[in-house]
Amino acid sequence: MSLKELSSLEKALGLKKPNKYSTQGDRKVPVLQSINGPALVGLVTIATHLVQEAKQPELLGGSAEHKAVVQQWLEYRVTKVDGCHKEDIKTILKDLNSYLEDKVYLAGNQFTLADTLMYYGIHHVIVDLAVQEKEKYMNMTRWFDHVQHYPGVRHHLPPVVVLRNRVYTSGHH
Amino acid sequence: MKLFVSDGNPHCVKVLAVLEFTGVKCDVKHVNHEERVVPYLSRPALPALLLPSGTHLFSPNSICQYLIELNGQESSDIVNQWLEWEATELQPAVMQALHMVVLQGKGADTPRVLRGPLSYLDQSLSQRTTPFLTAEMVSVADVVLWAALYPILSDSSLVSGNQTLQLWFERVGMLAACVSAVQTVLQGKGLKAESLKTYLQRQPTTHHGQGQVQGRGTQPCNSPEGGGDDDCVLSEEEIQSAVVTWGKGLTDLPMVPERQHPILPQEGKRNVLVTSALPYVNNVPHLGNIIGCVLSADVFARYGRLRGWNVLYVCGTDEYGTATENKAREEGLTAQQICDKYHAVHASIYQWFQVDFDFFGRTTTKKQTEIAQNIFWRLHERGFLLEDIVEQLRCEACQRFLADRFVEGTCPFCSYPEARGDQCDKCGKLINAVELREPTCKVCSQTPVVQSSKHLFLDLPKLEAELEQWLERSTGSGDWTANAKQITRSWVRDGLKPRCITRDLKWGTPVPHPDFSDKVFYVWFDAPIGYLSITANYTDQWEKWWKNPQQVELYNFMAKDNVPFHSVVFPCSLLGAQDNYTLVNHLVATEYLNYEDTKFSKSRGVGVFGDMAKDTGIPSDVWRFYLLYLRPEGQDSAFSWVDMATKNNSELLNNLGNFINRAGMFVSKFFESCVPAMALQQEDKRLLAQVGWELKQYINLMDRVKIRDALKCILNISRHGNQYIQVNEPWKKIKGDETDRQRSGTVTGVSVNVACLLSVMLQPYMPTVSHTIRQQLNAPPSVTGTLLQGTGNFVCSLPVGHHIGTVSPLFQKLESEQIESLKKRFGGQQPKTTAQPATTPASDPAAQTAVNGADAERARELTLAVAEQGEKVRTLKGQKAEKTVIGAEVTKLLELKKQLSLAEGKDPEPVLTKGKTTAQPATTPASDPAAQTAVNGADAERARELTLAVAEQGEKVRTLKGQKAEKTVIGAEVTKLLELKKQLSLAEGKDPEPVLTKGKKK
């Protein structure tokens, strides 16, 4: 799974020659073998490395603060979203939804690597949401829609339909 | 910049160490574990860093990286890699290990879960030539990993091998920043730190392992959904020991003796004296009062009795004081008559709530006078009383001195305009009534005047040193709630002042001193003595409880506003009296319970009061369950009708009730009410271990009076149980071959035993339901005492061949209409209204999300609106109105119809149907897998099964008829068919037998 993500990310970053990956352990943690150094282990670590390789450091955040925020959501993705229990999904959606209330992207107004990886990681959850739930988590859904339409992001994943008009007008926010 | 940290939280070690290491300037604020610093996260997340921009960082590792970056160091791939490894691999293992070692007291050896990560780290270090993880210099990765491992690695008993790792650990630990961070957060104590234990207890019950479906931990779970690696979680030894326990049966376990009054302390037993704050007699208690003291204490006392402790639970009404005098004047009765009347009201309310006092007394008794005067003289003889002139407020209009509660004014500390004469509700400070600015008499609204008279004071400053010594011992060894400790600490820190113990009143315990003959004791001095006098009215040998600190452990239950009187003032009276009194060992204080979004208010008629609860038609047990479920432990909580319905319907009906009912039903339907033979397979053994683990957890929590948290263990067990039944499908297997049938028997037998265990664990919370279950299962009387002995014994208490009784549903659904009408009746606040079509009154948005019932409500309203609009259109057409007019109305009609379809879930988009409350017809597969979780899924699943079975059986009957088979043969098959249909109706909640329908879900 994470290998597909990495290859999509490579394409999104415009990296010309694809890297070779393997996995280790029960969790199938991705490993990047490199010629001129030790292997890199872990989705976030490798993704961060790819961004630097592609010379697009702005995707990791501009200021120290933004960098920390990006790192935080990358960590959130691999610790909370990955393999979460069904019961925790609601909490995650709720938290993301209230966090995104006044933001376009996870790190504010700037699209970053955190958006890409969170999108990959949460896609399977969003696909299963009913229209009503998507409306309930409106901010999160809006963010998701933005990201899936961000040029070059949605590679290996099917698009999720997001209605523009509210169906449930009786309004629970 | 502001950094929020909490005591005992190992993540805070990381950030504090890095903060000091980098020397970045930042305010550090200590908060408690439950403080929600980050506004958008539903669970508390600490540490948290608030940046000047208003952004919060809540990941400890990102906070560390940020601080390092501020210091001008960029993080490299290798640093990132270690941090990611820490968060995803090490952290879950560490949390699990800490849980086992600290909370369950296991492990003389490195916990198994940690062996992998530790040796990986050891190897990585050995392969390096540098002294630190990433370089010659210490990096953020070193500090983060060191802090994560500190609690474990600082304990030499847990470390084995891993030489290089040990050296590295010591090297990093020598940094001054690390030393001081550990000191701040864990008092330098590592695993033994009490604060670490508290922190771990506060973590949402992390299941033992991350792989479990029911684990609700904050830690990541990296296994595929549905778990599959459960094996690695419960160790083989744990499973084996669960099986051994199971095999013991009931016979090996000691019985709990019957209660015999009077209960007196016994040598060699744990003697537990439980008190609940004495409710003031002339107020009908509200739900907050009930959960805060009497109910909480009741649960604990019941639990203690089950554990075989020698428990005495006393309480009573607090009856003296001006308020009573006033009430008497109002009702034209004597003060004593008022007390008699309201004492009976209280007693009957608590009886309805099934609060099982050993004795429920009152303070207006001879014993009270004797004991209070005795304590008074002892204090007097020992020089702990002072005389002083007091300025008091006197209302000339009412011709009397005003008791504190009859004066209102502006708080001299915080300027809150409605401060009471004794305390300000806003800032919580104690006030002398004469210090109030702009005082008014609450009875006549006149301004009272200040008058002087001579009074007696308890010399608290003189007792302060002794008090502090005792407090240190008691809070150190007992289970004081955090708020109790904190309130007490702040009281003592502010310095104690002499406190007046006399009052110019009639209705009170007379002061025996001749110079003060027209005075009575002030209620705060007098009331706690009520605990003693009430016990004295229960037994002449009361001193065996109250002058016996060597043998007796005293638990005081109360709401937090009562803390200072129980932790400072009353102990000072008793210490000063020097008569070997039993002082409180465990002070258990709750926060406040609010009502919906507001406070309970008798005067505004807002909220549910004790005497009204029974008029709601909701059983006492359900009230108890819900109040205990939201017991304000650690933070305020709020009663909400909608939430009550949700909890009833989801937790009691669909989770707990469903499991117990199914387990019993399988025994009676498939095995003629006899517990079948059980051949345990690995999966069954694992369930035994899981349940045993939750049971241990329950006991662990209850022993520490974490009543609300322990209730979750019960619900977790039934969730495990439901899932176990769901996966094993005994109703299917019963129709299979011999092996399948045997399997069905095992699963049924194990399940019904889990149900039996649950009945015992439930006893403190829901005594009636617990009793009903035991009756239905025909459980031997010895189960109640034996399963909870020691660290918990999940034994097979209903052995093979045991005959169970008649099983019937335990809980009833709370319908949304019922809840709405109760809500209106008790004046709960309607949350903000949203714009709605004029015809539909705004239904409560919370209700819609929470119960789904609201959709049904809305559908009903829309149906009416559609009918009305249809009528209008017809009328217009009849009147031959203009086409445009008619057209506009038709458009409206169509719009309404569309909304109706939506509300009814008939939208062409299939996904929408899932919002509906009514059960899916059994033939349509439930559209959303999530909706099928343990809860409703079980019955829907069963309904589907039954539908198939009915169809099959119907076919068979038709075939037989077609073949013109014998009547008896056909008859037998028809009977089967009818039975199946009946079961199907049951599963669909359409039971033909009206008595049974009440418990079923729809």
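**Helix packing and cysteines in a predicted model**

Among contacts in chain A between residues at least 6 apart in sequence, where contact means heavy atoms within 4.5 Å, 63% join residues at least 24 apart. The model is a predicted one, in which local features need pLDDT of at least 70 and side-chain atom pairs count only at pLDDT 80 or more, while totals for chains, interfaces and linings use all residues. Residues are numbered from 1 along each chain as its sequence is written, chains are lettered from A in the order in which they are written, and side-chain values use heavy atoms, with hydrogens and water left out.

Chain A holds 7 helices and 3 strands, taken as DSSP runs numbered from the N terminus (helices H or I, at least four residues; strands E, at least two). Read from the N terminus, its elements follow the order α-β-β-β-α-α-α-α-α-α. Of the 173 residues in chain A, 57% are buried, that is, under 20% relative accessible area, with exposed being over 50% and partly exposed in between (1.4 Å probe, protein chains only).

Within chain A, helix α3 (residues 64-81) and helix α5 (residues 113-127) have axes that come within 8 Å and cross at roughly 15°; axes are lines fitted to C-alpha atoms, for helices over the stretch in contact, and angles run from 0 to 180 degrees between N-to-C directions. The pair α3(A) and α5(A) is therefore roughly parallel, on a scale where angles under 35 degrees count as roughly parallel, over 145 as roughly antiparallel, 65 to 115 as roughly perpendicular and the rest as oblique. On the α3(A) side the contact includes A:V70, A:W73 and A:L74, which α5(A) meets with residues including A:L113, A:L117 and A:M118. By class, this contact of α3(A) with α5(A) has 11 nonpolar, 1 polar and 1 charged residues, where Ala, Val, Leu, Ile, Met, Phe, Trp, Tyr, Cys and Pro count as nonpolar, Asp, Glu, Lys and Arg as charged, and the others, Gly among them, as polar.

In chain B, the axes of helix α15 (residues 482-493) and helix α19 (residues 563-577) come within 9 Å and cross at roughly 50°, and α15(B) and α19(B) are therefore oblique to each other. Their contact draws on B:A484, B:I487, B:T488, B:W491 and B:V492 of α15(B), and on B:V563, B:P564, B:S567, B:V568 and B:V569 of α19(B). The residues of this contact divide into 8 nonpolar, 2 polar and no charged.

Turning to the cysteines, a disulfide is a pair of cysteine sulfur atoms within 2.5 Å, and the count over all chains is 0. B:C444 is in no disulfide, the nearest cysteine sulfur, that of B:C395, being 3.4 Å away. B:C444 is partly exposed, with a relative accessible area of 26%, whereas B:C12 is buried at 0%.
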